[in-house]
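Morning, everyone. Please look at the model on the screen while I talk. I'll take the interface, then some helix packing, then the backbone.

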Amino acid sequence: MLVLVLGDLHIPHRCNSVPSRFKKLLVPGKIQHILCTGNLCTKESFDYLKTLASDVHVVRGDFDENMNYPEQKVVTVGQFRIGLCHGHQVVPWGDNESLAMVQRQLDVDILISGHTHKFEAFEHEGKFYINPGSASGAYNALDSNVVPSFVILDIQQSTVVAYVYKLLNDDVKVERIEYRKC
Amino acid sequence: METVLGKLRQSTSRITRRASLTGNGAPAVTKDEIIETIDKFIPPVTPESDNNNLKKAGSHDNGSPGSESSSASHAHSYSSEWERLFMRQNYFKKLQEQGMDGNLRSSRFRSVCWKLYLKVLPEEKENWSEHSLVWRKKYEDLKNKLIVNPRKEVEGIDLSLNNPLSQNNESPWNKFFQDNELRLTIKQDVIRTFPELEFFKSEVLREMMIDILFCFSREHYNLSYKQGMHELLAPLIFVLHCDHQAFQHACEIESIHYVPESFRELIKDIMNPSYLEHDAYAMFCQVLETVEPWYMSKDFVISQYRGKDFINAQPFAKCQDLNPSNRIVTKLTRIQDYILKKHDSELHLHLERLEIAPQIYGIRWIRLLFGREFPMQDLLMLWDAIFADGIGFDLVDYLFVSMLLYIRDLLLSSDYATCLSTLMKFPPVPDVHYFIVKSLYLREPNQYPRPPNYTYQTVNKIPGKTRNHKASPNPPEGKRGSTASLPVLEDTTLRQTPSASSLARLETSSLRSYHSSPAGYSPGAISENESLHSSPTKYSTLPNRSGRNRGGKKLTKMQENDIQHHLSYLQGRLNEKETMSRYCSSKLDVHIDRLQSELQQIDMEQNEEIFLALAGIKQVRDVLNGTLKFSQNLLDEDEININDNHYKDDVVIMTPDSDIAMTAEHDNRRELLRKRQKMFYQSSEENSENAESPESFNGVLRPRTEFELDDYEKHSKLRGGNAARGNMSESTISESQTSLSSGNMVDSPNPLYCIESWEEVDG
């Protein structure tokens with residue numbers, strides 16, 4: 001089962017669109033679920049995500065125009081409980097311990113957060129933390145050089161394999177990280 | 001999943017064991033118990049054919065243990081069948097004959113026979129194990145290779161390839177998604193395989209079918225998967241499954257031990273149920289090898305030559321001639337234009353006129369090897385014959401034609417829509433073996449005996465469900481394009497009745513009588529019908545259903561449906577006839593007016609003949625129009641007249657045409673005509689004022705439309721003599737009458753007026 005994780009597009013405020021190399025890869029029909037960390041910001045981006053898969057989950061980021069998205073969400077895919085949160089609520093931004101607090105609060109196996117526009121994927125205290133970065137490469141308050149990235153999760157029974165797609169020098173680089181539920 | 005035969009054997013074995021326990025060697029299986037077991041099982045397809053199926057299967061199976069009980073008990077039957085089929089000298093040839101004869105119907109080794117026919121197994125029994133092993137291994141390898149799990153850790157494959165979104169052709173993920181798409185396509189078809197059989201609804205079986213079809217399509221890239229292959233695969237699996245069930249059952253009741261030691265291992269190996277998938281794949285491959293060209297559609301060639309095609313198209317070219325690159329189309333055209341034409345040009349012409357291209361129904365017939373036209377058991381029997389005949393499946397063409405011939409009467413009397421619906425939904429057949437026999441005969445008329453000519457109607461002779469065996473008369477210009485052509489019509493009618501017009505008369509009379517028959521019937525018409533049609537069933541039996549009811553309640557219900565169906569069909573025919581008559585009369589009218597105007601200009605007092613003829617034609621027109629109704633008694637009168645011989649000598653000379661008309665009908669109808677009531681001649685509103693006068697006559701006559709128009713003159717001369725039979729034709733007899741008649745002719749075309757005046761003259 002394939003799950004697409006992305007966010008922080010900031011379209012059209014900070015960026016025009018998702019890079020075309022990424023768009024070529026993202027064809028409908030392969031992905032079953034989409035988990036979006038937020039800051040899309042407009043409905044057009046949401047519609048674009050809807051064309052890729054029918055099951056789209058979005059949480060509210062600080063620049064989202066749709067006020068109705070939830071702040072946090074828990075989704076169960078296969079055997080995994082996946083928590084979704086934008087991350088601007090977590091202070092300090094991107095801090096491991098603070099994120100761990102959110103994870104304990106939501107009681108999830110995988111916690112997905114964004115806002116830093118920087119890709120992260122690590123295991124901490126037996127739980128998996130993923131930050132897909134910014135799919136469009138939009139600038140951050142603290143950082144102007146942002147590498148566009150997103151993550152595909154391949155969930156099979158009790159194993160999750162994360163494929164990270166980064167756009168480096170106009171080339172798509174893929175990395176693979178595996179996490180097993182204990 | 002249990003099968004009919006499996007369950008059957010279980011029940012029979014149970015019964016046999018019971019019986020054998022009591023010391024009785026012979027199985028005491030009652031037919032009821034067998035039928036009961038079967039009834040618990042799967043839903044039958046149609047009552048008619050299923051009755052046959054069930055009873056045949058039941059009786060057959062009853063027969064085989066029963067017949068073998070004399071030599072061995074039921075426990076031995078498995079081994080004895082094996083011996084009978086495979087252990088004899090020259091067994092392969094005998095096996096082929098058995099297949100053709102339909103003896104494999106309840107065989108427990110059908111799959112082995114099929115494997116032999118399809119060359120999955122060689123003839124020499126020693127090599128059977130070896131070959132099976134080869135095939136099975138081949139499939140196993142194929143499966144492993146093709147059903148790829150991209151998630152397996154594949155060292156050395158670059159991550160840029162091996163990621164889920166990769167669209168690179170080499171990426172295992174990409175292949176995975178493409179495979180998934182193909183599997184989805186296949187699945188859509190597999191789900192709809194044989195929906196009427198429970199057997200094909202199990203998920204396990206469906207997965208198996210999808211795997212097999214997927215492997216095959218990946219193996220044969222140019223052909224890939226086409227819709228219809230699933231229907232070819234399904235009966236193969238079914239047969240294998242049945243045999244495996246039988247084998248397992250034989251093992252359970254240990255009758256396998258009776259097989260000679262040397263072959264026990266062989267049987268165990270061949271019939272190993274765990275290799276069902278592999279064996280099915282093997283057989284499927286072999287079948288498809290022959291069938292492959294029928295599935296190929298070379299569309300790209302057509303688009304390439306699109307421009308040229310239009311230039312090359314000839315006027316009046318049939319649609320099937322425009323893309324000759326399709327193998328199946330050429331095959332179908334060959335079947336229709338060559339084989340069918342040779343054996344039945346009438347039907348061929350009819351189908352051509354209706355522009356029913358064979359592709360419309362034929363593609364499905366051929367590609368599925370008639371899989372959707374017959375219920376499963378019948379289909380298996382057909383496939384026995386097709387496979388036994390040879391790996392080239394040559395018999396298919398001839399089976400196609402024999403199927404068409406079976407329903408020829410239905411087709412010949414239908415219009416475009418009805419024809420198509422009949423062809424698309426082939427009517428149930430009580431005995432499929434007939435097709436096999438017929439097709440063998442069609443292929444080699446010298447070598448096989450000619451089978452009796454069954455058609456759908458002759459076979460389905462249930463009271464109340466009857467049709468005319470003759471082709472219906474055609475409107476002269478083939479207006480609806482719905483029935484046989486005129487020369488063909490004459491052909492058929494001459495075979496049965498002497499002239500076309502008498503046929504027309506009979507048709508209308510029979511239709512009319514049928515029309516009124518539910519209420520009551522005129523015995524005259526009915527008896528005439530009875531005599532003319534060879535079969536004694538027919539409309540007169542409608543009210544007496546109880547007398548005819550042989551089949552019990554089922555038949556009555558069927559009768560009702562058939563009668564309804566028949567009614568509507570006849571109603572349609574009746575309407576057609578009426579339209580036709582009206583058309584004819586309007587045309588006649590036109591011509592009569594023209595003739596009359598011409599004749600009046602040309603002063604022809606002397607030539608009464610012409611006026612007589614004209615009057616006759618007018619009568620015909622009026623009859624067709626409906627303003628004149630005629631009766632059957634005309635013929636009666638005429639025949640009697642002829643014998644009386646009041647006429648002038650020269651007039652008595654009969655023309656050859658009338659000869660035929662008279663003599664042939666003579667023999668058929670003499671005695672019957674006597675019985676008939678004399679129906680009064682009545683005229684319509686046109687002659688309402690003269691309504692009484694005809695009735696005052698005694699059984700008067702009139703339009704002798706039963707004869708050809710050119711005969712009319714002759715006959716008209718023959719009649720007469722007796723003044724009471726006022727007819728203008730008799731004017732020739734006396735001068736006074738002549739002038740009178742001719743005068744009358746001109747004034748009032750209606751013969752009735754003449755009669756009146758005649759009466760006055762003579763009276």
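A definition to begin. A polar contact here is a pair of N or O atoms within 3.5 Å. Within protein, one atom must be able to donate a hydrogen and the other to accept it. Residues adjacent in sequence count only if both atoms are side-chain atoms. Keep in mind that this is a predicted model.

Now the interface. How many residue pairs are in polar contact between chain B and chain A? Two, both at pLDDT 80 or more. On the chain B side, the residues touching chain A are five nonpolar, six polar and two charged.

How many residues take part on each side? Chain B puts 13 residues in contact with 18 residues of chain A. Together the two chains bury about 1300 Å². Carbon and sulfur atoms give 60% of that area. Which residues of chain B lose the most area to chain A? They are B:Arg151, B:Leu159 and B:Leu165. Together these three account for 47% of what the chain B side buries.

Next, helix packing inside chain B. Start with α17, residues 358–367, and α21, residues 416–424. Their axes are 10 Å apart, and the angle is about 5°. Angles under 35 degrees count as roughly parallel, so α17(B) is roughly parallel to α21(B). From α17(B) come B:Ile360, B:Tyr361, B:Arg364 and B:Trp365. They meet B:Tyr416, B:Leu420, B:Leu423 and B:Met424 in α21(B). By class, that contact has seven nonpolar residues, one charged and no polar.

The second pair is α18, residues 376–389, with α19, residues 395–406, also in chain B. Here the axes are 9 Å apart and the angle is about 140°. On α18(B), the residues are B:Leu382, B:Ala385, B:Ile386 and B:Asp389. On α19(B), they are B:Leu395, B:Val396 and B:Leu399. This contact has six nonpolar residues, no polar and one charged.

Last, the backbone of chain A. Most peptide bonds are trans, and most residues other than glycine have a negative phi. Now look at the loop between β1 (2–6) and α1 (20–25) of chain A, where A:Pro12 lies. A cis peptide bond joins A:Ile11 to A:Pro12, with omega about 5°. A:His10 is in the loop between β1 and α1 too. Its phi is positive, near 50°.

Another cis bond joins A:Leu40 and A:Cys41, with omega about 0°. Where is A:Cys41? In the loop between β2 (33–36) and α2 (43–52) of chain A.

That's my tour. Thanks.

Methods:
Residues numbered from 1 in each chain as written. Chains lettered and ligands numbered in written order. Predicted model: local features only at pLDDT ≥ 70, side-chain atom pairs only at ≥ 80, totals over all residues. Heavy atoms only, no water. Contact = heavy atoms within 4.5 Å. Buried area = accessible area lost by both parts, 1.4 Å probe. Nonpolar A, V, L, I, M, F, W, Y, C, P; charged D, E, K, R; others polar. Axes fitted to C-alpha atoms, helices over the stretch in contact; angles between N-to-C directions. Helix = DSSP H or I, 4+ residues; strand = E, 2+ residues; numbered from the N terminus. Parallel < 35°, antiparallel > 145°, perpendicular 65-115°, else oblique.
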